[in-house]
Amino acid sequence: MRRSPGPASATATLDVSAEAAVAAQVRRTLEAVFEAVAETRAETAALLTRVAAEGRRPASVDLAALRPGLHLRLTRQELVSGAGFVAAPGLLGDVPAWLEWWQQGSDGGVRPLLLDLDPEHSAYSDYTHWDWFALPRDTGQRAVAGPYVDYLCSDEYSLTLSAPVQMDGRFVGVAAADVYLRHFEGAVVPLLQRLPGASYLVNARGRVAASADPAHLAGSLTRGPDFAGVLAAARTTVHGAMRLVPCDGVPLVLVTPAG
């Protein structure tokens, strides 16, 4: 005769179910932002394809065609504070680097980000080493970068969600959206607090994106597990005292106590 599970087993089952529910809700929260990124990526790829069909290299002025869509996403998507396309160096014929980037101000208005990208004068001229650019370029996948102080755009503690833009199989830049950390935490920390153990979220490189665990603050690094491998495998694993739960397709891992 099969014995019914004892109280400890029942509790473990409930905990795992709760973790899966929280991971799914985190996914839904971020997918709304990634949908905006996907729209920017599709519009950018279509624009660059049209320019190529004209037999010429794109120029920064061509990217102005993206602005109506970017403005719409900024006013429509509650979590998005900035959005745009960041060109790979050498893509455009008139400038070495370019961000077609727009932000929403505290008054609700939409304004452009104006940067000096002259390599002789600007510390921001080489953005290719930033995670939000390098991860999509190197992996071909969507990425969540940060949180970090976004000196480039807002001076706010932020997350950047990004995806590679390709044309004929060639990487040409990234479509991306910024989310202020305070807004992201407001959406997901209440979910983490529902779990019985101290829990937090990390990106593919182990940086804490949001936390209900005072021992792991947002922006800190969690070392040891291969979080990128957990995301690639898309299944829950245990590493020492940590249970690692991928968030259903978005590049964040929910970390909870394994006990």
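Begin by selecting Y127, W130, W132, F133, Y148 and F171, which ring pairs link into a cluster; here rings of Phe, Tyr and Trp (its six-membered ring) pair if their centres lie within 6.5 Å, and planes under 30 degrees apart count as stacked, over 60 as edge-to-face and the rest as tilted. What you have open is a predicted model, in which local features need pLDDT of at least 70 and side-chain atom pairs count only at pLDDT 80 or more, while totals for chains, interfaces and linings use all residues. Residues are numbered from 1 along each chain as its sequence is written, and side-chain values use heavy atoms, with hydrogens and water left out.

A search of the whole structure finds six aromatic pairs. One of them joins F133 and F171 in an edge-to-face arrangement, with 5.4 Å from centre to centre and 85° between the planes. This pair links distant parts of the chain, since F133 belongs to helix α3 (residues 131-139) and F171 to strand β6, 38 residues apart; helices (H or I, at least four residues) and strands (E, at least two) are DSSP runs, numbered from the N terminus. F133 counts as buried because its relative accessibility is 1%, where buried means under 20% relative accessible area, exposed over 50%, and partly exposed in between (1.4 Å probe, protein chains only).

Next, select R142 together with F34: the charged end of R142 sits over the ring of F34, 4.2 Å from its centre. The criterion is that NZ of Lys or CZ of Arg is within 6 Å of the ring centre and within 35 degrees of the ring normal.

Now turn to the backbone. Most residues other than glycine have a negative phi, and most peptide bonds are trans. Select G146 and P147, which are joined by a cis peptide bond with omega of about 15°; P147 lies in strand β4 (residues 143-149). D168, in the loop between β5 (157-167) and β6 (170-180), has a positive phi near 55°, and this residue counts as exposed because its relative accessibility is 79%. D248, in the loop between β10 (242-247) and β11 (250-257), also has a positive phi, of about 50°, but D248 is partly exposed, with a relative accessible area of 42%.

Finally, colour the model by pLDDT, the predictor's confidence in each residue, from 0 to 100. The mean pLDDT of the protein is 88, and 87% of its residues reach 70 or more. Where pLDDT is low, the predicted coordinates should not be read in detail.
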